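Colleague: I have a few questions about the terms you use for this model. Can we go through them?

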Amino acid sequence: MKLRSAILASSVLLVVGVGVGAALTVSAAIDSSARRDLAEELDRSVEVFRDLQGYRASLYRAQVDSVAQEPRVKAVVNSADIDHATILDAARELQRSSGADLLLLTDGDGILRADTLDPKAEGFDLSGMPVIAGALADGSNAGIWVADDTAYEVQARALTYGDESFGVLVLGFTIDDRIAATLHRQTGAEVLLTLAGEPLAASSLKALPGDAAALLAALPASLGDDAETVDLAGSRHLARAGAFPSARDDQELRFVILRSLDKALADSRAIVRQLLLIAGLAVLVAIALAFLVARRLARPVDDLVDFTRTIAAGELAPKHALTGPDEIRTLGAAMNRMVSELAQSRAELAKKQRLENEMEIAARIQTSIVPAAPRAPGLEIAALMRTATEVGGDYFDVFPDEHGAWIGVGDVAGHGLRAGLVMLMVQSSVASLVRERPDAAPSELVGTLNATIYDNVRERLGQDEHVTFTLFRYRRGGGLRFSGAHEPFLLLRAGADAAEEVMTPGTWLGVLPDIRDALVDSRVELAAGDLVLLYSDGLIEARDADGEQFGIDRVQEIVLARRYAPVATIAAALADACAAWRAEADDDVTLLLFRVQGGAPTA
């Protein structure tokens with residue numbers, strides 16, 4: 001793609017992306033806020049509805065208490081000589097004066113004396129009805145009364161003379177559109193009351209499509225105490241539902257309260273439209289500006305592109321003429337510097353390649369002189385070395401002979417090429433000493449080795465590396481003599497429950513010119529099945545991400561758990577556990593295990 005086209009396209013895309021992104025972000029923020037506010041308003045509407053019903057119930061209680069004190073009530077109910085017509089007339093007059101829609105009178109046993117809704121009804125036993133039973137038992141009660149697809153809020157009051165109850169007065173008030181309309185006036189929410197799944201009462205429903213029955217059919221059956229978004233003929237609303245206060249579950253009297261979500265989001269949609277209009281104008285301005293900038297930048301950039309093709313062809317001699325805007329001239333100057341640096345880098349890269357080849361050769365030399373499969377008469381041996389860099393500073397070697405074997409293990413301070421060179425010195429010196437003086441004591445050979453290392457490292461190379469080193473002489477029959485200071489080695493006797501940690505007394509190599517006075521020959525006796533583990537400090541000092549060391553205890557657990565396995569299996573398990581533990585490979589890890597043969601230990 002040409003620069004002109006790229007600038008134009010990127011500018012347009014940037015402006016469009018910013019405009020659309022801003023519109024979507026603002027819309028999402030306003031939508032979220034509107035939904036949250038609307039849900040809070042819906043919750044408040046529900047609370048107002050319940051508060052209104054509580055207030056209405058308190059008024060009804062006061063009304064029934066007032067009517068219950070009327071002398072006429074006590075006179076007509078407490079007298080057995082008054083006929084039904086007289087009681088009914090009194091009940092109707094009390095109903096009118098109280099403003100109730102329903103009035104019932106029963107005697108002290110709950111037997112119906114008069115019902116203003118059913119003038120002919122008389123003598124029915126109503127004592128089993130919860131409202132009547134509650135009033136007879138407690139003196140007063142309230143609830144919902146359902147009759148002929150109509151629901152009433154009822155208040156019942158026992159009629160008493162002294163401590164004796166001689167009847168019950170029940171006042172009922174119809175649950176109708178007036179209740180829904182009152183809540184609508186108070187909160188602005190639309191209200192629908194249902195009885196047994198059918199519409200019972202509703203507010204104006206002006207903001208909702210269709211009639212109450214159609215609205216009820218469109219609501220989800222799962223609607224409950226949590227606000228839900230409902231789609232009513234393409235218009236979105238938030239809705240909540242619940243049981244009508246004081247209604248029993250079996251009466252199925254419920255309320256539904258709705259608020260318009262589309263109305264709440266109208267502002268959000270208007271803002272999005274304005275933002276999109278602004279974004280469209282910004283795109284037009286961006287196209288014009290991008291065209292002007294592209295014309296000014298294109299020519300010097302084309303020259304710079306031709307210059308890069310020249311560099312890509314391998315010609316590093318020519319220089320770029322610095323023209324165009326400041327940024328292009330700065331880029332041209334940087335390209336000129338790059339050409340010079342590329343020429344220099346070519347020479348340095350060739351030098352680095354030679355050094356890497358030399359390092360690879362050194363690593364091959366190191367790995368080739370370390371025995372790949374060490375062996376010695378009377379011993380089962382396994383060893384491995386994992387270096388932290390291409391060339392490590394750890395050392396081990398096994399020199400078998402007819403009497404047994406010489407075994408060396410050591411660690412040069414640090415790792416890398418210098419440590420690897422010192423390790424090579426140790427290996428070659430030890431190999432020469434044990435072959436020339438196979439009957440010497442280990443301390444004699446270690447003392448001679450120290451003199452060689454000190455002279456080469458301290459005097460000739462001028463370095464300060466030191467070496468921890470122990471030389472072992474194993475003789476068939478079980479004798480193991482050793483000298484020199486290195487990590488303690490583990491000795492697991494056949495049949496023992498724990499490994500012994502055997503110290504290696506002495507001093508380091510390469511620190512002093514003569515260490516013979518500090519060297520001693522130590523000895524342990526080995527029997528068939530005994531297992532010895534030699535290791536470098538990279539094993540036990542490996543740290544995890546929290547800085548905790550791998551430690552000798554974990555080493556002993558692994559060895560004990562596999563004590564009867566081949567030594568190669570034990571070595572591999574130790575190395576794998578260490579590698580999984582440590583967070584980074586910052587030191588070389590060397591392991592050498594050998595088991596005395598001649599007996600078959602049993603688990």
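Colleague: At roughly what angle do the axes of helix H13 and helix H14 cross?

Modeller: They cross at roughly 145°, and the axes come within 10 Å. H13 spans residues 551-561 and H14 residues 567-581. Axes are lines fitted to C-alpha atoms, for helices over the stretch in contact, and angles run from 0 to 180 degrees between N-to-C directions. Helices are DSSP runs of H or I with at least four residues, strands are runs of E with at least two, and both are numbered from the N terminus.

This is a predicted model: local features need pLDDT of at least 70, side-chain atom pairs count only at pLDDT 80 or more, and totals for chains, interfaces and linings use all residues. Residues are numbered from 1 along each chain as its sequence is written, and side-chain values use heavy atoms, with hydrogens and water left out.

Colleague: Which residues of H13 and H14 meet?

Modeller: Arg554, Val555, Ile558 and Val559 in H13 meet Ile570, Ala573, Leu574, Ala577 and Trp581 in H14. Contact means heavy atoms within 4.5 Å. By class, that contact has eight nonpolar, no polar and one charged residues. Ala, Val, Leu, Ile, Met, Phe, Trp, Tyr, Cys and Pro count as nonpolar, Asp, Glu, Lys and Arg as charged, and the others, Gly among them, as polar.

Colleague: What makes a set of residues a nonpolar core?

Modeller: Such a core is a set of buried Ala, Val, Leu, Ile, Met, Phe, Trp, Tyr and Cys residues joined through side-chain atoms within 4.5 Å. The largest one here has 27 residues. Leu533, Leu539, Val555, Val559, Leu574, Leu591 and Leu593 touch the most other members. H14 gives the largest share of this core, seven residues.

Colleague: Why is Arg92 called partly exposed?

Modeller: Its relative accessible area is 32%. Buried means under 20%, exposed over 50%, and partly exposed in between (1.4 Å probe, protein chains only). Arg92 has 32%, so Arg92 is partly exposed.

Colleague: Where is Arg92, and what does Arg92 touch?

Modeller: Arg92 is in helix H3, residues 84-98. Arg92 touches Thr116 and Pro119, not counting residues up to four places away in sequence. Arg92 and Pro119 are 27 residues apart in sequence, and 9.6 Å apart C-alpha to C-alpha.

Colleague: How many of the chain's residues are buried, as a percentage?

Modeller: Buried residues make up 44% of the 603.
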